Structure formats: C-alpha cells, structure tokens
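This report describes the contact between two protein chains and the surroundings of selected residues. The sequence and structure are shown first.

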Amino acid sequence: VTRIALGGLLAMAAAGAWLVAAPFVLRYQPAGAPWTGPARMDVAVGAALTVAGLAGFGAALAGRVHELYAVRPGAQPGQ
Amino acid sequence: MGGAESPGRRGSPGRYLPGLTAAALGLCAAGWLVLTPFAFGYRGRAQDAAVTNLATGGGLALVCLATLVAATVAWRRALRADGVLATAPPDRARVRRRMPRAAAARPAPAPDQLLTALRELLAPVLVPAAERPPAPAEPALAEPAPAEPAPAELAPAELAPAELAPAELAEAAGPTGDGPAAAAPAGPARRPAPAELVLATAGAVIPEPRNAAERRGGIAAIESMLARAELRMPGYEDEETW
C-alpha cells in the first residue's frame, strides 16, 4: 500500500477521533445533560471510523513490514 | 497479517484488502454523516452538529476516495508485477505525444557509421560492378532497350541467355576480356548462374558512378530513402509499413 493510502487511513482515524470529541468541544452536548441524538450519532460514527482507520492502517503497515522482511536477502519471513 | 503469503507474490489480497475495506467503510460513513442532518431534521435545531457533520463528512469522503484510488492503483501495480494482470498496450495518443521527444532524445547516427552500414548493405550489388573493367559500350548498357521489359522485373529463371545482349552475357560470365577465349565468339555460350544474372542486371540497373560528385549524390539519395523509411518504422504508430 502506498504512502498516500497509509496517510488516508490515518486521516480517517483522525476524523473519527474528531467526531467523538466534537460534541464536547463545540458544546452541543453539555456535560451532565442527557445525550442528544446528534451527539450520540457523532460519537458512534466517530468511534467506528477510528477503529476502522486504525485497523486498516495497522494491517497495511504490517503488510508493508512483512514485505520489507521478505525482500531482505537471506531473511526468513517467520524470523 | 499476511504471514502465510509467499514472499515472492506482492499482489496478494491480504496486503491490500484491509486498506480497501477501511476506505470503503469510511466512504459509507462520510455519506451517512452528510445525509444525517437532512434525514433526522436537526439542521435547524442543532446548528453546530449539522455543520460539523457536513464538513467532516465532506472531508472524509475526499480522503477515503483518495485512499481507495491509491490502494487500488498499488494493488493493480503489484498484480501486474506478479503477472496476474496483463500489461495494457500503450495508448496511441500517448505514443504520438512521446514520438517527437523520443526522436529528439535519440542521438543521430554518425555519418561514418551510416556510410559504413550502407556499404555493407550494398556490397553484393556494388562490388561486381566495381570489379568490371571499363567497357567502351557501357553507357549503352546502362539504359535497357525500350522494347524489353525492365531487368529488375524479371526473375532470374526468366532471363534466358538469348534474351540478354552479348555484352551483358560477357559481363555476367565474369571479367574474361584479357584472355584469348574472350575474342572467340563461336560455340555455345556457357549458361550463367542465376546469381551472376542477378548481379549483371543489378549492374545494368544501377549505373556505376562516373565521378565523386555522382557517387555522393547517389549516397545522399539512399540516405534520404533510409531516413524516410526510419520514420515509418513499426513501433512508432503500431503499424507495419515494411
């Protein structure tokens, strides 16, 4: 996976983190008050995006590292 | 991830599917974020939440599209390197655009090399003509008789000895003008070999240059023909003209 794809996955995770934090940063979810619909939805979608972005980034990075180990002369993939 | 993949194959799906899946999920989430302020009707009630969702959804859609395209391109490149995908033929328009640049980047051959190659190419035709002794009737031989077909159009099997002029036959038989047998015209003439006939007709069609200026003019004409032929070489426009 190219660096652009890796950066895009990281940006996706960052957008999810922003969505989780946005209700509290922009104060459309006051502290202590019952959760509103937009805040609940933003936190849920943001959490899913963060998890998906981080998982995709980790998997792509692991594949890249595995590839680098594989092309190293004299290296075994399991080592 | 990908621990069971062979190290020689770079285009295995395990290395690209997680990124593609995550980018596709992010694209769906972006679409959902853009649509929710309209779907749930909180555009007027929660202005901040609507603006946040629209902006975040728009940016996320762009990022996820770029990620999808990059991962797809990387996967296709790896599959081509593995030989799974066939390499696409070059685009004709791109080839035409690159043609002047390639012609400018290619160094022109040196004139000495060109002339050497020309001499090697024309050696079978020109060497017998150069070895001939200068005959007084040579200008008459250079022009074929108008009633006869052109010698170049005839196959060697069609050129019977009776159809050739005696001087041509003598030339085809070789330089025998010094011996006493050359003066004896009687008796059945030796039938010349086809190769000798071809050389004789080539010598008749291509007159030997009389001086250096004529020789240079002939070589310049051949160079011009070769340059034109090189421009139409196959590979530039994917068509064979030769």
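## Basis of the description

A polar contact is taken here as a pair of N or O atoms within 3.5 Å, where, within protein, one atom must be able to donate a hydrogen and the other to accept it. The model is predicted.

## Thr50 of chain A

Thr50(A) is found in helix H2 of chain A. Its side chain reaches the backbone nitrogen of Ala17(A) at 3.1 Å. Not counting residues up to four places away in sequence, Thr50(A) touches Ala13(A), Gly16(A) and Ala17(A). Because its relative accessible area is 18%, Thr50(A) is buried, the cut-off for that class being under 20%.

## Chain A and its loop

Chain A contains two helices and zero strands. Of its 79 residues, 43% are buried. Among the contacts in chain A between residues at least 6 apart in sequence, 56% join residues at least 24 apart.

The loop between H1 and H2 of chain A holds Gln29(A). Gln29(A) counts as buried because its relative accessibility is 3%. A polar atom of the Gln29(A) side chain lies 3.3 Å from the backbone oxygen of Ala33(A). Leaving aside neighbours within four places in sequence, Gln29(A) is in contact with Pro23(A), Phe24(A), Pro34(A), Trp35(A), Thr36(A) and Ala39(A). For Ala39(A), ten residues from Gln29(A) along the chain, the separation between the two C-alpha atoms is 6.1 Å.

## The interface between the chains

The size of an interface is often given as the accessible area lost when the parts come together. Chain B and chain A bury about 2400 Å² between them, and 75% of this area is on carbon and sulfur atoms. The contact draws 34 residues from chain B and 28 residues from chain A. Zero salt bridges are counted between chain B and chain A. Two residue pairs are in polar contact across the interface, both at pLDDT 80 or more.

On the side of chain B that touches chain A, the elements giving two or more residues are helix H1 (17-39) and helix H2 (47-82) of chain B. H2(B) supplies the largest share of that side, with 13 residues. By class, the side of chain B that touches chain A comprises 21 nonpolar, nine polar and four charged residues.

## The largest nonpolar core

Which residues touch the most other members of the largest nonpolar core? Within this set of 22 residues, they are Met12(A), Val45(A), Leu49(A), Leu33(B) and Leu60(B). The elements that give two or more residues to the core are helix H1 (3-25) and helix H2 (37-71) of chain A, together with H1 and H2 of chain B.

Val45(A) has contacts in both chains: leaving aside neighbours within four places in sequence, it is in contact with Leu19(A), Ala29(B), Trp32(B) and Leu33(B).

## Thr67 of chain B

Is Thr67(B) buried or exposed? Thr67(B) counts as buried because its relative accessibility is 2%. Thr67(B) is found in helix H2 of chain B. Apart from neighbours within four places in sequence, Thr67(B) is in contact with Ala5(A), Gly8(A), Leu9(A) and Ala23(B).

Technical notes
Residues numbered from 1 in each chain as written. Chains lettered and ligands numbered in written order. Predicted model: local features only at pLDDT ≥ 70, side-chain atom pairs only at ≥ 80, totals over all residues. Heavy atoms only, no water. Contact = heavy atoms within 4.5 Å. Buried area = accessible area lost by both parts, 1.4 Å probe. Salt bridge = Lys/Arg side-chain N within 4 Å of Asp/Glu carboxyl O. Helix = DSSP H or I, 4+ residues; strand = E, 2+ residues; numbered from the N terminus. Nonpolar A, V, L, I, M, F, W, Y, C, P; charged D, E, K, R; others polar. Core = buried A, V, L, I, M, F, W, Y, C linked by side-chain atoms within 4.5 Å. Buried < 20%, exposed > 50% of the residue type's maximum accessible area, 1.4 Å probe, protein only.
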